[in-house]
Amino acid sequence: MVSFTLAKLVRSLTVLLGVSFLTFIIGHASGDPVRLLVRGNATAEQKAQLRHSLGLDRPVLEQYRTYVSRALGGDLGVSYRQHVDVSRLIALRLPNSLELAGTAFLFALSVGFALGVLCVIYRDSVLDHTVAGLSVFAQVVPGFWLGLVLVLLFAVHWRILPVSGSGDLTHLILPAITLALPMLGRMARLVRGGMLEVLQSDYIRTARAKGLSEREVLLGHAARNALLPLLTQAGLELGDMVGSAFIIETVFAWPGLGRMTVNAVQQRDFLVVQGCVLVIAAGFVLINLAVDLLYAVVDPRVRGR
C-alpha cells in the first residue's frame with residue numbers, strides 16, 4: 001500500500017508540474033502584459049523598465065523556475081489588473097466554488113443513487129423509461145443552454161428564484177441543479193446497470209433461496225455491491241464538475257474561481273489565470289488521488305496494478 005501510494009503521489013505531482021508549465025507557456029505566448037499596464041503615451045524606456053521590474057525580460061524557463069519556486073511558498077504573484085495578490089483573490093473565491101460544487105455533487109450522488117434503485121425496483125415502468133430519457137437529455141445538452149432554460153422558467157417566467165449572483169440559499173439552487181443534472185443522470189444509469197448485473201449473481205439467488213425478502217435482496221445486497229463502481233465514477237464526476245463550473249458560474253454570475261478565470265482570460269490577466277488553473281488542477285488531482293487510494297482500500301487487488 002505504501003509503494004502504491006508513493007507511485008500515485010509521483011504521478012500526481014508530475015501532472016501538476018505539466019499543467020503549470022503548459023499554462024505558463026500559453027500565457028507567456030498569448031501577449032505582452034506590459035501593453036496592458038502602461039499608458040498609450042509611454043516611452044520605450046518606460047516599457048523596458050516595467051518589463052524588467054516584472055522579470056519579463058528574463059528567459060522563459062528562468063521565469064517559470066522563479067514562478068514555481070514562489071508558488072511552492074504560496075506566492076502566485078500579483079494581479080496585473082487589480083494589483084492584489086493572486087493567492088488572496090483565490091482565497092476569496094474558492095469557498096464559493098467549493099460550496100457550489102459540493103452542493104451539486106451531494107445532490108447528484110444522493111438523488112442519482114435513489115433514482116437508480118427505484119428504476120431497478122420498477123424496472124421497465126414509466127419511471128424507468130422517463131429517468132432513462134431525461135438522463136440522456138441532461139448529458140447531451142450544453143450546460144449553458146440548460147442553465148439559461150432554468151433561468152427563463154424559474155427566474156423570469158415563474159419568478160420563484162433569483163436570476164444570478166450569490167447571497168442566500170435561493171441563489172445556489174439553480175446553478176447547483178444545472179451543474180448536477182448531467183452527473184445525476186449518469187449516476188442513475190450506472191446504479192441501475194450495476195444492480196441489474198449484480199442481481200444475476202449466484203449469491204443473489206442464494207439469498208433469495210434463504211427466504212430473504214426482495215427489499216432485503218435489493219437494498220442489502222445488490223445496492224451495496226453496486227457502490228464500488230459508483231465510487232470510482234463519483235470521483236471522476238467530481239473532477240468533471242470542476243471544469244463544468246467555468247460555464248455554470250459564468251451563466252449565473254456566481255462569484256467562484258471559474259468566473260474569475262473567465263474574466264481574467266478576457267482581461268489577459270495572466271497571473272490570475274495561471275493561479276486559478278493551478279489551484280483547480282490541484283483540486284482535480286487530489287480528488288483522483290483520494291479516489292485511487294480509497295479504491296485500493298476497498299479492493300486490495302488494485303494495489304498490484
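This is a predicted model: local features need pLDDT of at least 70, side-chain atom pairs count only at pLDDT 80 or more; totals for chains, interfaces and linings use all residues.
Visitor: How many salt bridges does the structure hold?

Guide: There are three.

Visitor: Why is the contact of Arg 58 with Glu 62 called a salt bridge?

Guide: The closest N and O atoms of Arg 58 and Glu 62 are 3.9 Å apart. The cut-off is within 4 Å, so the pair counts as a salt bridge.

Visitor: What makes Arg 58 buried, exposed or partly exposed?

Guide: Arg 58 has 32% relative accessibility. Buried requires under 20% and exposed over 50%, so Arg 58 is partly exposed. Glu 62, at 28%, is therefore partly exposed by that rule.

Visitor: How do you know that Asp 128 forms a salt bridge with Arg 189?

Guide: Their closest N and O atoms are 3.7 Å apart, and the limit is 4 Å, so the pair qualifies. The pair links distant parts of the chain: Asp 128 lies in helix 6 (residues 126-140) and Arg 189 in helix 8 (residues 170-198), 61 residues apart.

Visitor: Why is Asp 128 called buried?

Guide: Its relative accessibility is 2%. The threshold is under 20%, so Asp 128 is buried.

Visitor: What does the salt bridge of Arg 192 with Asp 128 tie together?

Guide: The closest N and O atoms of Arg 192 and Asp 128 are 2.9 Å apart. Arg 192 lies in helix 8 and Asp 128 in helix 6, so the pair ties together parts 64 residues apart in sequence. Both residues are buried.

Visitor: Which residues are linked in a network of salt bridges?

Guide: Asp 128, Arg 189 and Arg 192.

Terms used
Residues are numbered from 1 along each chain as its sequence is written. Side-chain values use heavy atoms; hydrogens and water are left out. A salt bridge is a side-chain nitrogen of Lys or Arg within 4 Å of a carboxyl oxygen of Asp or Glu. Buried means under 20% relative accessible area, exposed over 50%, partly exposed in between (1.4 Å probe, protein chains only). Helices (H or I, at least four residues) and strands (E, at least two) are DSSP runs, numbered from the N terminus.
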